[in-house]
Amino acid sequence: MDLQNITLVPFGYFDENFLKNIAEAAEHEFCSSVIIKEGHLDLSEFYDPTRRQYNGTRLLNEVDSAFSSDFSKTIGLFNVDLFIPILTFIFGQAFLKGRTGIASQYRLSNERYGLAADNDFLVERFKKEVIHELGHTFGLVHCHTPICVMRSSTYVEDIDQKNVNLCPDCRNEMNSILV
């Protein structure tokens, strides 16, 4: 049953198969149809030269106002280094019980950590991050179950330890939200 549409909006280049994998994972986890709509933003407006990063809060607000609708959960997909003022970096961010989130693959690739490139790892990590942020838009908060996709991730190793799925408790909460 299609309970809620999900829209993925890539900003910048993403491989078609990469996006398809992300969309299929979100579709499976939330039992929703997922569409991909290309987005365009002048990212230089969100760049903080002092930090040499992009302001995640401002990007989230822009995606929400310019690309979201009340009929869909929307996740903006980026490949830039995101921050919020109180943290060194973030993998993503979302409005709790809102309609919009953002996720960046920038810090998810092995090459950022001096390791050999591994596209499978990158895809799995990004699936988890997108599903995590979508969970927030539906109203899920951080979970304390170590392998739940809704567990908070400070480091990429935290993402690696999680599953791509909601734990049984979060799944039950999600089901009650969608009823």
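Two strands count as paired if DSSP finds at least two bridges between them, and strands themselves are DSSP runs of E with at least two residues, just as helices are runs of H or I with at least four, both numbered from the N terminus. Hello everyone, let's start with the sheet. This is a predicted model, where local features need pLDDT of at least 70 and side-chain atom pairs count only at pLDDT 80 or more, while totals for chains, interfaces and linings use all residues. Residues are numbered from 1 along each chain as its sequence is written, and side-chain values use heavy atoms, leaving out hydrogens and water.

So, what is the order of the strands in the open sheet? There are five strands, they run 2-1-5-9-8, and the pairing is mixed. At the edges you will find strand 2 (34-36) and strand 8 (92-94), each pairing on one side only. From one strand to the next, the twist averages 15°; angles here run from 0 to 180 degrees between N-to-C directions, with axes taken as lines fitted to C-alpha atoms, for helices over the stretch in contact. Please look at strand 8 with strand 9 (residues 100-104): they pair in the antiparallel sense over three bridges. In strand 9, alanine 103 is the bridge partner of glycine 92.

Now for the helices on the sheet. Helix 2 (residues 56-67) packs there, touching strand 1, strand 5, strand 8 and strand 9, where contact means heavy atoms within 4.5 Å. The direction of helix 2 makes about 130° with that of strand 9. Helix 3 also packs on the sheet and touches strand 1, strand 5, strand 8 and strand 9, with its direction at about 145° to that of strand 5.

Let's go inside. A nonpolar core is a set of buried Ala, Val, Leu, Ile, Met, Phe, Trp, Tyr and Cys residues joined through side-chain atoms within 4.5 Å. Buried means under 20% relative accessible area, exposed means over 50%, and partly exposed is in between, using a 1.4 Å probe and protein chains only. The largest core has 36 residues, and Leu8, Leu77, Phe126, Val130 and Met150 touch the most other members. Elements giving two or more residues to this core include strand 1 (5-10), helix 1 (16-30) and helix 3 (119-138). A second, separate core has 14 residues, among them Val9, Leu60, Val63 and Ile90.

Which residues does phenylalanine 126 touch, not counting those up to four places away in sequence? Among them are Phe14, Phe18, Ile22, Leu77 and Phe78.

Is threonine 74 buried or exposed? Threonine 74 is buried, since its relative accessible area is 1%. Leaving aside neighbours within four places in sequence, its contacts include Thr7, Val9, Val63 and Phe67.

And finally, the rings. Rings of Phe, Tyr and Trp (its six-membered ring) pair if their centres lie within 6.5 Å; planes under 30 degrees apart are stacked, over 60 edge-to-face, and the rest tilted. The whole structure holds eight aromatic pairs. Why is the pair of phenylalanine 11 and phenylalanine 78 called stacked? Because the ring centres are 4.8 Å apart and the planes are at 5°. Phenylalanine 11 sits in the loop between strand 1 and helix 1, while phenylalanine 78 is in strand 5, 67 residues apart. Both are buried, and Phe11, Phe67 and Phe78 form one aromatic cluster.
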